[in-house]
Amino acid sequence: MSYITLKFLIFIVLLMGIYYLFPKKYKWLVILCGSFYFYWLLSGKIIIFNIIATFIAFITAKLIEKNNKHKKGILISSVLLILSFLALLKYNNFISSILNPIMNIFNFNIPYKKFLIPIGISYYTLELISYLVDVYRKKCEAENNYFKLLTFFSYFPKLIEGPICKYRDYKEKMFSEKHFDYEKFKSAWVLIGYGFIKKLIIADRLGIFVDNAFKSNTTGMVLIMSIIFYTIQIYCDFSGCMNIVSGVSELFGIELPKNFRRPFFSKSIEEFWRRWHITLGDWLKEYVFYPISLSKVNLKLNEKVRKIKWKHIARFITVAFPLFFVWFLNGLWHGASLKYVVYGLYYYILMMLGVLLKPLLDKIVKLFKINTKVWSYRFFQIIRTIIIVCFGMFLFRCDDLNQFIKLSQGLTNTFITNNIFAFGLTYQDFLVSGIFIVIIFAVELAEELGYNVREKLNEQNLIFRWIVYLLIIFSILIFGIYGRGYAAKSFIYGGF
Amino acid sequence: MRKEIIDVLNEVKPGVDYENETSLITDEIITSFDVVMLISLLNTKFSIKITPMDLLPENFESIDSIENLINKLK
């Protein structure tokens, strides 16, 4: 049962009904049962991994809290155990392909076995680690009720694609008293509808063109078009899913953290990654970047480099070490292949170059008297960021590095134009995509300028609001990509 | 102590009115890169040890909050 099916909508309406009728103290049990029903339909018996991993976290958190002397050892062991599930199920092929050339020298071979990957394992593994580390750091108390912990780590709206939540922030929200709020109910459905528009009208439509273009190893203008389309597709797919899951969660009175903040208005790639997949960035910052930055090794290094005359070189050296791990893990988290590692390191290299070249760039700006506060300069910065991101998405979309290298050579053939209607989209499809992309852009521009679109919609008169609601519903029904001959594409980030 | 903290902040990122800023982290005036440099300098200057457990945004939002953190760790 995917998020974008009628079955799922019926499921949440029924679950909502039961939820608000249930006694306040036990509403969370409805969430737990609903989550496991949803999880069972998606994954069957392999939900056992989520149950076991949560149980390990439950027991070890209690041990960490009670046992101050050995808590570091308990934390490390439990994190490694939980990570071993992920390593075995998702990364065993990647690990064996890296290690086997060395193992073969000693006549050993790590066998490769393809396992069914439990839905959401990449997401709830990070959440489990954050829970254990927070208990260790005393930022969170160990939960006494295993089933409450299980409710959080199997919570169905965030199961497939996140957002990655921290138990310490959500414990109160998840288990506190909830009352039905009609205004929030309406607003939540608008958000769900918005997500459906992004996913079914834009992402799945452009995905047809992108899939066909990449399958045929196209070149020239069509390749450039498909890279741009893919960037739009993945944004609409992922952020659309986030709109749907946030809206669904709001129906139950639980507000999930934002995972996107209009990333294509970013003026630098650092800003882009503070606005794209925000919860993953926050997790890597809190549990990888800061611990490594504040490690004895890095602090000692920092003390030594501060004596260097050039401050930006000192800064470069200080952040290069922890940031390498952040971007390596960012890439690896997305997938078990070298392509994803290179994807992560692409951003690492760009950021490090930015730090290193900053004084030179500042000198150029001063020399040519470039005004960096005007809108035209900001527009240039935004376009520059989009180009860098599109190139990264090009790598991300390729099947592997071989295809990336092969297709990159075709990028320079910009004057070769294939028939753009030979890749599965008609003139009407381009028109529909274009119109809805403009609508999404307008909504995001309004939000960027500080205008809360949903709030403003709620303030309007009944007739206007219902016109908008009906437009959303009919747009999805008429222009959504489904029906005979199509299967709604599964969410891209659900594959991680 | 306030003057010493401002000197450290200016070493990390000059050109900010630290006396009057109260949302250094929330408004992204100081980034996570800056925080790493800041912590290293504060540790050395004030002979304290800031650990990941102290890395809460509210501890670095303003001069006042940084001063409170230093006093807590001394």
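1. How many cavities of 30 Å³ or more does the rule count? It comes to 1. A cavity here is a set of points on a 1 Å grid over the protein atoms alone where a 1.4 Å probe fits but cannot get out. Keep in mind that this is a predicted model, where local features need pLDDT of at least 70, side-chain atom pairs count only at pLDDT 80 or more, and totals for chains, interfaces and linings use all residues. Residues are numbered from 1 along each chain as its sequence is written, chains are lettered from A in the order in which they are written, and side-chain values use heavy atoms, with hydrogens and water left out.

2. The largest cavity has a volume of about 40 Å³, taken as the space filled by probe spheres set on the points. Its lining (residues with an atom within 4 Å of a point) includes A:Tyr19, A:Trp28, A:Phe175 and A:Lys178. Helix H2 (27–43) and helix H8 (167–175) of chain A each put in at least two lining residues.

3. On to the interface: 21 residues of chain B contact 21 residues of chain A, contact being heavy atoms within 4.5 Å. About 2,000 Å² is buried between the two chains, 68% of it from carbon and sulfur atoms; that is accessible area (1.4 Å probe) lost on putting the parts together, summed over both. B:Phe33, B:Val36 and B:Met37 supply 32% of the area that chain B buries against chain A, more than any other three residues.

4. The rule finds 2 salt bridges across this interface, each a side-chain nitrogen of Lys or Arg within 4 Å of a carboxyl oxygen of Asp or Glu. One of them pairs B:Glu28 with A:Arg261, with the closest N and O atoms 3.5 Å apart.

Terms used: On a 1 Å grid over the protein atoms alone, a cavity is a set of points where a 1.4 Å probe fits but cannot get out, and a pocket is an open set with protein on both sides within 12 Å along at least five of seven lines; lining residues have an atom within 4 Å of a point. Helices (H or I, at least four residues) and strands (E, at least two) are DSSP runs, numbered from the N terminus.
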